[in-house]
Amino acid sequence: MAHNNAQHISLADIKAPLAGELDKYEEFLKQALHSESPYFNDILQYIFDNRGKGVRPTLVMLFAGVFGGGKPFSSRVHLAASLIELIHTASLVHDDIIDNATVRHGQTSVNSKWGGRNAILTGDFILSRIFEMGMESLEFDILTYVSHSIKWLCEGEVIQDEQTKTLAMTHERYYDIIDKKTASLLGISCGVGALAAKAPAAEVDKAYHIGRAMGMAFQIKDDILDYATTDQTGKPTCADLREHKITLPLLEVMKECTPQEVEQIKAMVRRADDEDIASLRQIVASHNGAERAEQVMNDFLTEAKALLADYPDSPYRTSLCLMCDFLAQRKK
């Protein structure tokens, strides 16, 4: 099944069925990212104003729509969407500290602007708000469900760190890392949307699997784009390789290499100087590593669309299918 449709899809198209509900979600999130301290509130307001695309809370609300029976969303749905965005936001603040990143979403990162100490405490504050809001709402099923993703995110980071030290990356380990670091949160986003709308347990589990497949595709697309030019993505080319990370485009090449060639590639990844990066990028290009990775990405999106096809036709289901196409089409 082809996913790179000629029609350009925007997130605005995908969010169209959520028009009235997005404002309520925004208000929930604004209350969550607020402090009585003017100085601290400046940091939180900066984060609120410079968020990303909102893919995850959009998935929460679209799945709530699929199971909502056409009724206005309950506060459970807006809470669930907010908790998901807070988990994602806290993880990005902490990621930037770990990676010494200076830019996030085209703006100066929190750690660069306010220092690492304040960034750590800000990330911790956001995580604490997740549990505070969840407990105060008495929606314990939602809080329990979303909190699993925090554990998986941490596990994924630690496993990836170990792999960058040993360079013992395999396809199995790569899929485990991206499952925990990226796919699990998209899976939780879809599952908690169904849960917030009081869907049966089997439907919550199915929604999770759809989101997980989308998440695997999402991260593979990121890893393909890492080999693209800075002109296209606005990010440094091969940033992962410079951090000694082996991702799917290179893994797809390595599986056809001799043991000696694999060791030569690993030696280049270990050094990761400009000459090595250029050579590795050429190796991936000449052996169609990105194209092979794209086929794997499309397989995950085909899986997601096949499961979505089981749902009754609705604007929410249409938007979820469009999300699959959007993930495949991304240029940055």
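The protein chain has 17 helices and two strands; helices (H or I, at least four residues) and strands (E, at least two) are DSSP runs numbered from the N terminus. The radius of gyration, taken over C-alpha atoms, is 20 Å, close to the 20 Å that the globule rule gives for 332 residues, so the chain is as compact as a globular protein of that length. That rule is 2.2 Å times the number of residues to the power 0.38. This is a predicted model, in which local features need pLDDT of at least 70 and side-chain atom pairs count only at pLDDT 80 or more, while totals for chains, interfaces and linings use all residues. Residues are numbered from 1 along each chain as its sequence is written, and side-chain values use heavy atoms, with hydrogens and water left out.

Along its principal axes, the C-alpha trace spans about 60 × 50 × 30 Å. Of the 332 residues, 53% are buried, where buried means under 20% relative accessible area, exposed over 50%, and partly exposed in between (1.4 Å probe, protein chains only). Among contacts with a separation of 6 or more, 75% join residues 24 or more positions apart; contact means heavy atoms within 4.5 Å.

With 27 residues (140–166) at 1.5 Å a residue, α8 should span 39 Å, and its end C-alpha atoms are 40 Å apart, which agrees. The expected span is 1.5 Å times one less than the number of residues. Buried residues of α8 include Ile 142, Leu 143, Tyr 145 and Val 146, and their cover includes α5 (75–98), α7, α9 (171–196) and α10 (201–225). Just after α8, Leu 167 takes a positive phi of about 55°.

At the surface, Met 135, Leu 138 and Phe 140 form a nonpolar patch with about 320 Å² of accessible area together. Such areas come from the Shrake-Rupley method with a 1.4 Å probe, and for residues only the protein chains shown count as cover. Patches are made of residues with over 30% relative accessible area and no salt bridge, like charges being joined within 9 Å and nonpolar side chains (Val, Leu, Ile, Met, Phe, Trp, Tyr) within 5 Å. A salt bridge is a side-chain nitrogen of Lys or Arg within 4 Å of a carboxyl oxygen of Asp or Glu. Met 135 lies in helix α7 (residues 116–137) and counts as partly exposed, at 48% relative accessibility.

Ser 109, in the loop between β2 (107–108) and α6 (110–114), is buried, with a relative accessible area of 1%.
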